[in-house]
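Try each task before you read its solution.

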Amino acid sequence: MGTKIRLYFKGAQAEIWLAEACDRLRHYEHVFSANSELSQLADLKKTAFKEPVVVAHELYELIKIGRSHSLEPNAFINIAIGPLIKLWKVGFAEARVPYQQEINQALGLLNPGNIILNDEAKSVFFTREGMEIDLGSIAKGYFSDKVMAFFKSKHPVSAMIDIGGNLLVYGESPKGKQDWDVGIQNPFLPRGHSVAKVKIRNQSIVTSGIYERTFAHDGNQYHHIFDSRTGYPVDNNVASLTIISDSSLDGDIYTTKLFGLDPRGILAEVNKIDGMEAIVVTVDGQLAMTSNLRDKITLA
């Protein structure tokens, strides 16, 4: 999946359940990968514009969830963004700034309403050739929730899934405490340096930031979080956004969905959602959070 994955399970037959969790993750990679030509997701771009394509239940489920959020007004999440991602190639050696004509052409392929779903057949159809679904912004959260549900069915003392920074925990921490102390990456320092620590319990914590994948061109720095309305990386005062929620998929969805707002707007939206909290670090080094976190967070 192009990232480090850490699994933790404390309980009976731990090695067996960890091995099965790894097998499940390999299965998800085969189905969901946007970078493998052998995945079911990759098959869609080749044939779904010709006729509806029946896909695996879990792939259909995530596409349907992602499409629903992508169609909401002013949402910055868009699962139809694949052509734009492939054009810029941020995170790969071939990363470049495309010509405006190329960007304009890609923008014509990014309407999530042109993804037609059939619930009965579990099929996907594209109304335009060249469309491509990219689930990279939400797939890790989906995998995390599925693996944690599997772990919980085996009655662990505690468990953890960490997929490239998507962290989901259950039960007591390895230190024997009810709360898990989780570091929030400092967006201005190398990986492993925290700007703060937050206490969570049976929750997920997901961070998206402009520091994760970048490249420089003609003195400008470009990151991997795109605005599908302009065709360029999101341009605002947010360096990173962390969402704390019960579901890791919700964390993925809302770190992407809200990233294009200003910090005040992000916190206002999260405050409307029960059971969800947010931490925003701005480009100029400010840190803001939803009010319920004040007794759970320690600044580094």
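**Exercise 1: a serine in a strand**

Ser245 has a relative accessibility of 2% and counts as buried, where buried means under 20% relative accessible area, exposed over 50%, and partly exposed in between (1.4 Å probe, protein chains only). Before going on, please note that this is a predicted model, in which local features need pLDDT of at least 70, side-chain atom pairs count only at pLDDT 80 or more, and totals for chains, interfaces and linings use all residues. Residues are numbered from 1 along each chain as its sequence is written, and side-chain values use heavy atoms, with hydrogens and water left out.

Task: Find the element that holds Ser245, and find what its side chain reaches.

Solution: 
- Step 1. Ser245 belongs to strand β14; helices (H or I, at least four residues) and strands (E, at least two) are DSSP runs, numbered from the N terminus.
- Step 2. From the Ser245 side chain to the backbone nitrogen of Gly251 is 3.5 Å. A polar contact is a pair of N or O atoms within 3.5 Å; within protein, one must be able to donate a hydrogen and the other to accept it, and residues adjacent in sequence count only if both atoms are side-chain atoms.
- Step 3. Setting aside residues up to four places away in sequence, Ser245 touches Gln203, Ser204, Asp250, Gly251, Gly275 and Met276. Contact here means heavy atoms within 4.5 Å.

**Exercise 2: a glutamine with two partners**

Task: Decide whether Gln185 is buried or exposed, then work out which backbone oxygens its side chain reaches.

Solution: 
- Step 1. Locate Gln185 in strand β7, residues 180-185.
- Step 2. Its relative accessible area is 9%, so Gln185 is buried.
- Step 3. The Gln185 side chain reaches the backbone oxygen of Pro190 at 3.0 Å and that of His193 at 3.4 Å.
- Step 4. Beyond its neighbours within four places in sequence, the contacts of Gln185 include Arg191, Ser194 and Tyr211.

**Exercise 3: a helix and what it packs against**

Task: Which residues of helix α8 are buried, and which strands do they pack against?

Solution: 
- Step 1. Helix α8 covers residues 263-270, and its buried residues are Pro263, Gly265, Ile266, Leu267 and Val270.
- Step 2. These buried residues pack against β14 (238-245), β15 (277-282) and β16 (287-289).
- Step 3. Now look at the start of α8, where a side-chain oxygen of Asp262 comes within 3.1 Å of the backbone nitrogen of Arg264.

**Exercise 4: two nonpolar cores**

Task: Which members of the largest nonpolar core touch the most other members?

Solution: 
- Step 1. A nonpolar core is a set of buried Ala, Val, Leu, Ile, Met, Phe, Trp, Tyr and Cys residues joined through side-chain atoms within 4.5 Å.
- Step 2. The largest such core has 58 residues, and Leu44, Ile133 and Leu135 touch the most other members.
- Step 3. Not counting residues up to four places away in sequence, Leu135 touches Phe32, Leu41, Leu59, Leu62, Ile63 and Ile79.
- Step 4. A second, separate core holds 17 residues, among them Val195, Ile279, Met289 and Leu293.

**Exercise 5: positive phi**

Task: Where do Gln13 and Asp218 lie?

Solution: 
- Step 1. Gln13, a residue other than glycine, has a positive phi near 55°; Gln13 is in the loop between β1 and α1 (14-32).
- Step 2. At 49% relative accessibility, Gln13 is partly exposed.
- Step 3. For Asp218, also not a glycine, phi is positive and near 50°; Asp218 lies in the loop between β10 (214-217) and β11 (220-223).
- Step 4. With a relative accessible area of 68%, Asp218 is exposed.
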